[in-house]
Amino acid sequence: RMSQSQTTSSLKEISRQTFSHSLKSVSPGQLIRGVVSVDTKKTALVIKDKFQSSDGSPRSIDLIQTPNILIIGAGKATQELLSGILEVLSEANVPHLSVNVVSAYPKGQTVIPIEIPKFASVRLMEASHPIPDESTINSTNAQIQSIYDCPPNSALIVLLSGGGSALFETTQSSFSGSGASQ
């Protein structure tokens with residue numbers, strides 16, 4: 001029979017484990033891994049969401065036909081979302097897969113360690129939150145320019161989270177990218 005202090009200690013441990021599990025289950029990276037995966041052939045990125053294909057199947061990106069992926073994003077959780085999507089893409093078995101990432105995170109936020117696969121190029125840029133400033137405009141312009149610089153038939157993945165509206169702003173006069181007049 002357990003003493004009252006042993007019971008209390010055991011309940012505290014169960015509470016800690018439950019709390020820890022709850023936090024992990026709603027982490028942005030975990031949420032990405034719950035809706036994005038690589039198919040069984042490891043040649044397609046599968047997206048399970050409420051906007052299914054007309055036949056009801058999940059949408060997918062054929063990574064053989066579309067080996068170039070651009071990921072842009074902005075928000076407080078973008079780094080964790082990016083970590084999740086790169087982890088999923090690491091499972092693909094596509095010889096010429098190329099992922100270019102240009103993303104913004106709030107000034108002062110700690111840059112989290114992200115395992116960057118060999119096929120990926122990652123550029124994280126600080127931007128001001130909640131009031132946009134020059135760093136916000138520069139970051140947004142870099143993301144817009146990366147869209148214009150994409151090879152034809154590239155896939156675009158946009159990662160947005162809370163704060164994204166303040167971290168992704170520009171003015172018409174500040175953007176002078178090569179495709180701005182197109």
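The chain exposes about 11,000 Å² of surface, and carbon and sulfur atoms supply 53% of that. Accessible areas like this one come from the Shrake-Rupley method with a 1.4 Å probe, and for residues only the protein chains shown count as cover. Keep in mind that you're looking at a predicted model, where local features need pLDDT of at least 70, side-chain atom pairs count only at pLDDT 80 or more, and totals for chains, interfaces and linings use all residues. Residues are numbered from 1 along each chain as its sequence is written, and side-chain values use heavy atoms, with hydrogens and water left out.

Now for the overall layout. Starting at the N terminus, the order is α-α-β-β-β-β-α-β-β-α-β-α. The radius of gyration is 20 Å, well over the 16 Å that the globule rule gives for 182 residues, so the chain is more spread out than a compact globule. (That radius is taken over C-alpha atoms, and the rule is 2.2 Å times the number of residues to the power 0.38.) Along the principal axes, the C-alpha atoms fill a box of roughly 75 × 45 × 35 Å.

How much of the chain is buried? Buried residues make up 36% of the 182 residues, where buried means under 20% relative accessible area, exposed means over 50%, and partly exposed is in between (1.4 Å probe, protein chains only).

Let's zoom in on strand β7, residues 155–160. Its covered face holds Ala 155, Ile 157 and Leu 159, while Leu 156, Val 158 and Leu 160 sit on the uncovered one. β7 pairs with strand β4 (residues 68–74) in the parallel sense, over six bridges; strands count as paired if DSSP finds at least two bridges between them. In one of these contacts, Leu 70 has Leu 156 of β7 as its bridge partner.

Leu 160, for one, is exposed, with a relative accessible area of 57%.

Finally, where are the salt bridges? There are three in the structure, each a side-chain nitrogen of Lys or Arg within 4 Å of a carboxyl oxygen of Asp or Glu. Glu 13 and Arg 16 make one, with their closest N and O atoms 3.0 Å apart. Both lie in helix α1 (residues 4–25), three residues apart, or about one turn of the helix. Glu 13 is partly exposed at 35%, whereas Arg 16 counts as exposed at 52%.

Glu 87 and Arg 33 meet in another, at 3.3 Å from N to O. Glu 87 is in helix α3 (residues 78–89) and Arg 33 in helix α2 (residues 28–35), so this pair ties together parts 54 residues apart in sequence.

Lys 107 and Asp 133 form a salt bridge too, their closest N and O atoms being 2.7 Å apart. This pair links distant parts of the chain, 26 residues apart: Lys 107 is in the loop between β5 (98–106) and β6 (120–127), and Asp 133 in the loop between β6 and α4 (134–148).

Note on methods: Helix = DSSP H or I, 4+ residues; strand = E, 2+ residues; numbered from the N terminus.
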